[in-house]
Amino acid sequence: MRYAQGGGLTDAGRAARERIRLQAVERFEDGQKNGEIAAALRVTERSVERWRRQWRERGEAGVLSKGSPGRPRLSETQIARLERELERGPLVHGWADQRWTLARIKTLIGRLFHVSYTVEGTWLLLKRHGWSWQQPARRAIERDDAAVEVWKKETWPRVRAPRRRAAAGSSSRTKPVSR
């Protein structure tokens with residue numbers, strides 16, 4: 001199930017949903033029909049059907065909450081080891097420069113712990129443990145500001161995709177122009 005703003009349920013929200021499922025179990029035991037239960041608990045009949053099936057197969061334990069789906073996959077000792085490895089730097093781990101990227105950290109986690117994270121999941125893991133993105137303190141010595149300005153003024157306008165012109169169009173796919 002998807003939730004607004006990409007988030008899941010809090011522990012309190014999960015507990016509230018679990019209470020609703022347990023109320024449904026009481027109604028299953030009383031012999032009520034799925035439609036009646038759905039209307040009384042203000043949920044969909046499909047949810048009630050799924051809960052009833054889980055209740056038949058595994059009893060009350062089948063409808064209990066499984067806990068947070070986002071529980072961490074790395075233990076605290078693994079997190080501590082990851083931090084030590086990150087402090088050692090990317091060169092030690094075979095990369096050619098001193099930049100830690102999320103993709104590199106994701107690869108390092110896979111190599112060290114045989115656990116797969118997405119790039120976004122890696123960022124959330126690091127953020128949760130107090131790491132933040134870094135930005136260079138100064139510009140590269142090789143940077144030529146005059147060349148950058150020339151590129152912006154001359155090259156970029158040529159390679160940038162032109163905007164579509166506003167012109168009379170057709171709402172019909174079969175007739176090129178309808179009048």
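A: In this predicted model, α5 and α6 pack with their axes 9 Å apart and at an angle of about 85°; axes are lines fitted to C-alpha atoms, for helices over the stretch in contact, and angles run from 0 to 180 degrees between N-to-C directions. The two helices α5 and α6 are therefore roughly perpendicular to each other, a term that covers angles of 65 to 115 degrees. Helices here are DSSP runs (H or I, at least four residues), numbered from the N terminus.

On the α5 side, Leu102, Ile105, Lys106 and Ile109 meet Val119, Thr122, Trp123, Leu125 and Leu126 of α6, where contact means heavy atoms within 4.5 Å. By class, this contact comprises seven nonpolar, one polar and one charged residues; Ala, Val, Leu, Ile, Met, Phe, Trp, Tyr, Cys and Pro count as nonpolar, Asp, Glu, Lys and Arg as charged, and the others, Gly among them, as polar.

The largest nonpolar core has 13 residues, of which Leu74, Leu82, Ile109, Phe113 and Leu125 touch the most other members. Such a core is a set of buried Ala, Val, Leu, Ile, Met, Phe, Trp, Tyr and Cys residues joined through side-chain atoms within 4.5 Å, with buried meaning under 20% relative accessible area and exposed over 50% (1.4 Å probe, protein chains only). At least two residues of this core come from each of α4 (76-88), α5 (102-113) and α6 (119-128), and α5 gives the most, with five residues. Phenylalanine 113 touches Leu74, Gln78, Arg81 and Leu82, residues up to four places away in sequence not being counted. Another core, of nine residues, lies apart from it and includes Phe28, Ile37, Leu41 and Val48.

Histidine 114 is located in the loop between α5 and α6. Its phi is positive, at about 55°, although histidine 114 is not a glycine, and with a relative accessible area of 72% this residue is exposed.

As for the setting, the protein has seven helices and zero strands. Of its 179 residues, 21% count as buried.

Residues are numbered from 1 along each chain as its sequence is written, and side-chain values use heavy atoms, with hydrogens and water left out. Local features need pLDDT of at least 70 and side-chain atom pairs count only at pLDDT 80 or more, whereas totals for chains, interfaces and linings use all residues.

Notes:
Angles under 35 degrees count as roughly parallel, over 145 as roughly antiparallel, 65 to 115 as roughly perpendicular and the rest as oblique.
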